Amino acid sequence: MYLLTIFLPLINFIICFFFGRYLGRFVTSIYSCLLMALAWISCLLLFYEVIFCRSNCLIDFGTWLSLTSISISWSFYFDQLAVLMLFTVLSISTVVHIYSCGYMETDPHFIRFMSYLSLFTFFMNIIATADNLFVFFLGWEGVGVCSYLLINFWSSRLEANKSALKAILINRIGDCFLFLGMILIALTCYTLDFSIFLTYFPSFYNYDLFLDIYFCNILISKYTLISLLLFGGVMGKSAQLGLHTWLPDAMEGPTPVSALIHAATMVTAGTFLLIRCAPIFQLSSLSITIITTIGAFTSFIGAIIGLFQTDIKKVIAYSTLSQLGYMVFACGTANYEGAMFHLVNHAFFKALLFLSAGIVIHMLLSEQDMRKMGGLIKLMSLTYIFMLIGSMSLIGFPFLTGFYSKEFILEAATASNMRIMQFAYTLGAITVFMTACYSVRLLIWTFVGLFSGTKVVFATGKLHEPSAVMVYPLIFLAIASIFLGYVLQDLLVGPGSLFWQNTSIPSIHLKNNYFFNEASFVDQLKTFENRWNLINISDFIEIKKIEWYSYTSQQQINDISFMDFRLKLLPLIFSFIGLAFGSLILYFPHSKFRGIYPRIFRFLPKRFRYFRPFKLKALFAQKLYIDQFYNNYLVIPFLKQSHKIIYMLIEKGVWEKFGPLAIKNSMIRLQLKTQKFRQGFIYLFFLSVFLGVTIIFLENIIYGGIALILFLSINMINNLYKDNEPTL
Amino acid sequence: MLILLNLTSIFIILFVIGFIIALLARKNIIIMLIALEIMLIASVIIFAITSLDFDSLWGQVIAIIVLTVAATETALGLALMVAYFKLREVIFVDFVSTIKG
């Protein structure tokens, strides 16, 4: 059962990819949906066994690599975290498999599409259950490849090609960082097993054995370096600010792919790594600060760009970016439970949003521009309901799924005393406001008012509810978007919950309030000791250390639970203000009071009347010009330099003149010259053999000859003087 | 030791004779085969003598093996010669490379 959960998608991939053409389209769709459902059911059994019955399980297939100092095994570890991730992945994946049967039914490569989806799910399962970082990295790269294949699924489109290349190349940057981090961990701990190195680092925190190393000529703490390198990988995969540009462009792929990969599962793999490797991140205050800052800025900037996008999928993509920022800064505030909780919830409601947007796009004949929609509420009211549930859950409407996790994240940021966490809280609260605005904008532009698309779409489009195979799976997601947060709340972040007990998280919680630079702390203690000569400094550090570690997730949860109620209510108020604001501004043109609109402006002074912040709007509609900046100042100069140096100088220059190609050419020339000596006479062959042997043993022959001559001459001299003696 | 040295000179003389014959007798394949035989015999002699000197039988064993190989090789060469003679009705091997395949 444990292995079925992981390997059923792989079996499905093999069957679909290699034998799908013999089975046919209908059989393949039935087959793959059934297999995925089977995997999901076995995952539910796992959920019962591992989470409720608390029986963690390690499955070891044996050694993969065995080097001198490091041994890597094929092993899968099923703890609570892994099973929760498996549950999320397989739920969304099953739904998307069923949905794709409807969405891609007219596509000629439907079978290949299904096989790629299954392969992706398999690699995601490996990520969730990997026991060591190397197997984790296998899954990490595998989902990258599957993401490339699926974005580029409609490969005849140039935009799809460009987006897929962009996605995989930017992900490679992150993967380089992750791989460097892996190497450093292996060099430090001589292992890559999560269970070993995650306990290794906190245990040796007070030892100066390998505290500081030089990296790029900078003296840096090893904890900081490893955590920052791992976070580089997280930035690539989870699309944090700086390496986020691939995620909105990845929306060129089919919509089920966007729902499965670029909203629900693959982009959260980075956050999953943060949660898995929590002990390392918790040991360095610098990296915590960086993670929190980047996460907060990602959530803020994602939301603000999402406000100005017109492509329906890009709005949701930027919303995903924003929510990923939430997860990452929750990890920065040591609120790993909240991050995981938000991960699960976000997967469900964001998949719902994407899939219902997919219905709209499918029915409007691949029209993605929100300005050419409108009025669809009367034609597809069920889709509207799904979209509404998803949006409300995203906003954090009370008692829907998103409410519980988002509020929890923001509360944890408030509960902390670190200034950076307060800053992150401020950005997060503003983001809540903007989230409400763009969700309402999406709903109103798509579903309210009059249809403003082209006549062709209206005449030939299928402006009605889609087939049952696309609607029924969404009902499951809608129910999950309403109830899942309430159901999981007590389990994941409830006071007294034992959920995180066997995972790596509770053992490492450092209280943010007391988090400080240890070196300066020791210096202070030393001055204290010199002044009073009373306390033994090392004992004091030990006591202090115990105090740090004893601040568990439970205490954090308690702190959050008994926070000031008014403070807890603040994000909710923000979201309601955003909801009201967005509705007022955007619904106004469609309401019966729309005649007031020009009259308001009549009372304004003239310069405000015609105030149109076009440049500001262009700035956000063009995604802050980050793509253009990367292109003009990083990619193109780099390309030119590498063409000049690597291609012209090294490849065409050095390697062709002195490299393997030069050897090959010179051998050909030499052979042409030696050909003339071959006359075809046997005695010449004979001579050449003899000459060759002579040349090879030339040294031996010379010395042997000299020795022989010496021996013979001595013998002759002896014979001269000993005539009487017989020679034989 | 003296025996060894003297017979070594015999070996060298025999070997050089064989080599020169093989080099110069470029026309007659029978003479070439005989020259090869002479060279092999020269090496056999040195094996046999060293086995005497080192009190070991291995040199003589190898000598017998080499003789066998030489006989085989000569038989092969003669067979080739017969085949070549059937083709061209001569045994001069100057232009043996023209048969090619």
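Reply: Chain A contains 31 helices and four strands. Keep in mind that this is a predicted model.

Me: What share of the 728 residues of chain A counts as buried?

Reply: Of those 728 residues, 52% are buried.

Me: For contacts in chain A between residues at least 6 apart in sequence, what percentage join residues at least 24 apart?

Reply: That figure is 79%.

Me: Let's move to helix packing. At what angle do α5 and α6 of chain A pack?

Reply: Helix α5 (residues 133–151) and helix α6 (residues 158–189) of chain A pack at about 175°, and their axes lie 9 Å apart.

Me: So are α5(A) and α6(A) roughly parallel or antiparallel?

Reply: Roughly antiparallel. The cut-off for that label is an angle over 145 degrees.

Me: Which residues make the contact?

Reply: From α5(A), they include Phe134(A), Phe137(A), Trp140(A), Glu141(A) and Tyr148(A). From α6(A), they include Leu165(A), Ile168(A), Arg172(A), Asp175(A), Leu178(A) and Phe179(A).

Me: How do the residues of that contact divide into nonpolar, polar and charged?

Reply: The contact of α5(A) with α6(A) has 16 nonpolar residues, two polar and three charged.

Me: Switching to charges. How many salt bridges over all chains?

Reply: The structure has nine, counted over all chains. One of them pairs the side chains of Lys166(A) and Asp627(A), with N to O at 3.1 Å.

Me: Where do Lys166(A) and Asp627(A) sit in the chain?

Reply: Lys166(A) is in helix α6 of chain A, while Asp627(A) is in helix α28 (residues 626–658) of chain A. They are 461 residues apart, so this pair links distant parts of the chain. Asp627(A) has 21% relative accessibility and counts as partly exposed.

Me: What about Arg172(A), which residue does it form a salt bridge with?

Reply: Arg172(A) bridges to Asp175(A), with the closest N and O atoms 2.6 Å apart. Both residues are in helix α6 of chain A; because they are three residues apart, about one helical turn separates them.

Me: Are Arg172(A) and Asp175(A) buried or partly exposed?

Reply: One of each. Arg172(A) has a relative accessible area of 25%, which makes it partly exposed, whereas Asp175(A) is at 4% and counts as buried.

Me: And where do Glu656(A) and Lys652(A) lie?

Reply: Both are in helix α28 of chain A, four residues apart, or about one turn of the helix. Glu656(A) is partly exposed at 32% relative accessibility, and Lys652(A) is partly exposed with a relative accessible area of 38%.

Me: Which residues do salt bridges with shared partners join into one network?

Reply: Glu141(A), Arg172(A) and Asp175(A).

Me: Last topic, backbone. What is phi of Tyr190(A)?

Reply: Near 55°, a positive value in a residue other than glycine. Tyr190(A) is in the loop between α6 and α7 (194–203) of chain A.

Me: And what about phi of Glu89(B)?

Reply: Glu89(B) has a positive phi of about 60°, although it is not a glycine. Glu89(B) lies in the segment after α3 (58–88) of chain B, and at 63% relative accessibility it counts as exposed.

Terms used. Residues are numbered from 1 along each chain as its sequence is written. Chains are lettered from A and ligands numbered from 1 in the order in which they are written. This is a predicted model: local features need pLDDT of at least 70, side-chain atom pairs count only at pLDDT 80 or more; totals for chains, interfaces and linings use all residues. Side-chain values use heavy atoms; hydrogens and water are left out. Helices (H or I, at least four residues) and strands (E, at least two) are DSSP runs, numbered from the N terminus. Buried means under 20% relative accessible area, exposed over 50%, partly exposed in between (1.4 Å probe, protein chains only). Contact means heavy atoms within 4.5 Å. Axes are lines fitted to C-alpha atoms, for helices over the stretch in contact, and angles run from 0 to 180 degrees between N-to-C directions. Angles under 35 degrees count as roughly parallel, over 145 as roughly antiparallel, 65 to 115 as roughly perpendicular and the rest as oblique. Ala, Val, Leu, Ile, Met, Phe, Trp, Tyr, Cys and Pro count as nonpolar, Asp, Glu, Lys and Arg as charged, and the others, Gly among them, as polar. A salt bridge is a side-chain nitrogen of Lys or Arg within 4 Å of a carboxyl oxygen of Asp or Glu.
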